[in-house]
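Please read the text alongside the sequence and the coordinates.

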Amino acid sequence: MVTLKDRIEAIREKMTESALRAGCDASKIKLLAVTKTRTVDEMLEAIPFVDGLGENRIQEAVSKKKDWPILIETEWRMIGHLQSNKVRKAVALFDSLDSIDSENIARAVERIAAEENRVVPVLLEVNTSGEDSKTGLAPENLPALLDCVLECQHLRLDGFMTITPFTDDEALARKAFAMLRIMAENARYRTGLPLQVLSMGMSDDFELAIAEGSTMIRVGTSLFGPRMH
């Protein structure tokens, strides 16, 4: 029987091979466990082998944190679409908000972070596929959002996130990943910030993402196995 540890070891091996081919250091690529619909027990089993948890839904995270053992520490990252009426809860729940995609959301996070006298790490989510079904801001709107976030004293911009297009065409997937990498390079030049996090690549395409410079992959199904519900 294939265990969760076996699946994670297989993912880590593929990460190492992909990094070697790309000429980068696999130890600098984070593996984020996507925990949508997963139980706390499943998440706790994964914790020793991953670099953090990625949650899509605020309410699900609230429920899981109630049952989370106080002595078990890990990084919780918000990777789902963030609605303005959920910002306060998101700031309270997560170590990083990875799906900032509008000036309104950025300003809402800034306002709440200022009230709480803390700095919130964020990623900007860009829709590099151009698909209407995808969240994230349009690439042409990134400069304005970048300026907005840089004005926010209680936000720490760490990098960028994107979601792959629905396609079996590797060239299209790589194009979407390469677009985010180039946008990040331009943003580094413009701002002087390191902006080291490129969160891109999921179960089906993380090897392509690593080839295009991903520093954080978000894996659910390949890690936990098929969802039971």
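T35 lies in the loop that joins β1 (30–34) to α2, where helices (H or I, at least four residues) and strands (E, at least two) are DSSP runs numbered from the N terminus. With a relative accessible area of 0%, T35 is buried, a term that means under 20% relative accessible area, with exposed being over 50% and partly exposed in between (1.4 Å probe, protein chains only). Apart from its neighbours within four places in sequence, T35 is in contact with M43, L53, G54, E55, E60, K64 and F224, contact meaning heavy atoms within 4.5 Å. The model is predicted, so that local features need pLDDT of at least 70 and side-chain atom pairs count only at pLDDT 80 or more, while totals for chains, interfaces and linings use all residues. Residues are numbered from 1 along each chain as its sequence is written, and side-chain values use heavy atoms, with hydrogens and water left out.

The C-alpha atoms of I47 and S63, which are 16 residues apart along the chain, are separated by 18 Å.

Helix α3 (residues 58–66) has I58, E60, A61, V62 and K64 as buried residues. The elements that cover these buried residues include α2, β2, β3 (76–78) and α4 (87–93).

| Helix pair | Axis separation | Angle |
|---|---|---|
| α5 (residues 103–115) and α6 | within 9 Å | roughly 10° |
| α6 (residues 142–151) and α7 (residues 170–191) | 12 Å | about 45° |

The angle of roughly 10° between the axes of α5 and α6 makes α5 roughly parallel to α6, given that angles under 35 degrees count as roughly parallel, over 145 as roughly antiparallel, 65 to 115 as roughly perpendicular and the rest as oblique. This contact is made by E103, A106 and R107 of α5 together with A144, L145, C148 and V149 of α6. By class, the contact of α5 with α6 has five nonpolar, no polar and two charged residues, where Ala, Val, Leu, Ile, Met, Phe, Trp, Tyr, Cys and Pro count as nonpolar, Asp, Glu, Lys and Arg as charged, and the others, Gly among them, as polar.

For the other pair, the angle of about 45° makes α6 oblique to α7. On the α6 side L142, P143, L146, D147 and L150 take part, and they meet M183, A187, R190 and T191 in α7. Sorted by class, the contact of α6 with α7 has six nonpolar, one polar and two charged residues.

One of these residues, M183 in helix α7, is buried, with a relative accessible area of 13%. Beyond its neighbours within four places in sequence, M183 is in contact with V126, P139 and L142. M183 and P139 are 44 residues apart in sequence, and their C-alpha atoms are 8.4 Å apart in space.

Taken as a whole, the protein has nine helices and eight strands. Buried residues make up 48% of its 229 residues, and its C-alpha atoms fill a box of roughly 50 × 40 × 30 Å along the principal axes. Among contacts between residues at least 6 apart in sequence, 60% join residues at least 24 apart.

Conventions: Axes are lines fitted to C-alpha atoms, for helices over the stretch in contact, and angles run from 0 to 180 degrees between N-to-C directions.
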